[in-house]
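Okay, folks, I've got one structure to walk you through today. Have a look at the model while I talk.

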Amino acid sequence: MRLRAAYSHLRRSSNWVLSSFGMTSDQYVLLTVLAQEGEATQQGLVRRCYSDTATVGTMVSLLEAKGLLTRTPHPRDGRARSVKLTRTGHALAEKMRRGSSDLRVNLVGLFEEQELRTLIEFLERLAGAMRPPARKTTAARSRQPPRRGKPSGKADDRTSHHL
């Protein structure tokens with residue numbers, strides 16, 4: 001519950017700061033990833049933004065309509081589309097980065113340097129452990145025996161409520 005509370009408060013604070021730019025925290029993350037990487041497929045954005053296909057697809061369409069990014073056919077994968085920021089998108093991403101710096105400074109200021117490194121390490125560990133399994137094709141699923149019983153590695157109820 002504490003992890004959920006921290007995420008919820010951070011998201012609300014971020015959305016409040018970014019609303020002055022007409023953007024949400026999810027849109028900021030997507031623009032930031034593109035600003036850092038230069039170009040990505042929509043599936044690459046799904047992975048890098050820790051989002052889902054529908055959400056990223058909707059955001060890409062919206063941001064494209066606003067003139068902040070473009071989609072073009074991927075040069076090697078005929079099914080994929082390459083997504084890139086426009087000049088306007090780059091400028092907005094930079095304005096949002098500067099405009100949200102106080103929020104980031106306040107977050108980092110909550111921790112000593114070693115605590116922050118440890119927190120980041122723990123969050124990366126959690127993200128890796130909680131990553132959903134890769135989707136299997138219909139044919140592969142039909143060959144799998146049904147799962148029985150409880151999943152292994154269940155957290156002890158006495159400790160899991162502290163997250």
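Starting at the N terminus, the elements of the protein chain go α-α-β-α-α-β-β-α-α-α-α-α. That's nine helices and three strands, where helices (H or I, at least four residues) and strands (E, at least two) are DSSP runs, numbered from the N terminus. Quick housekeeping: this is a predicted model, so local features need pLDDT of at least 70 and side-chain atom pairs pLDDT 80 or more, while totals for chains, interfaces and linings use all residues. Residue numbers start from 1 along each chain as its sequence is written, and side-chain values use heavy atoms, with hydrogens and water left out.

Of the 163 residues in the protein chain, 22% are buried, meaning under 20% relative accessible area with a 1.4 Å probe, protein chains only; exposed is over 50%, and partly exposed sits in between.

Now the largest nonpolar core: 22 residues. By that I mean buried Ala, Val, Leu, Ile, Met, Phe, Trp, Tyr and Cys residues joined through side-chain atoms within 4.5 Å. Leu-30, Leu-31, Leu-34, Leu-45 and Leu-69 have the most contacts inside it. Helix 2 gives the most to this core, five residues.

Take Leu-45. Leaving aside residues up to four places away in sequence, Leu-45 touches, among others, Leu-30, Val-83 and Tyr-50; contact means heavy atoms within 4.5 Å.

So what about Tyr-50? Tyr-50 lies in the loop between helix 3 (42-48) and helix 4 (53-65), and counts as exposed because its relative accessibility is 65%. Phi of Tyr-50 is near 55°, a positive value. Most residues other than glycine have a negative phi.
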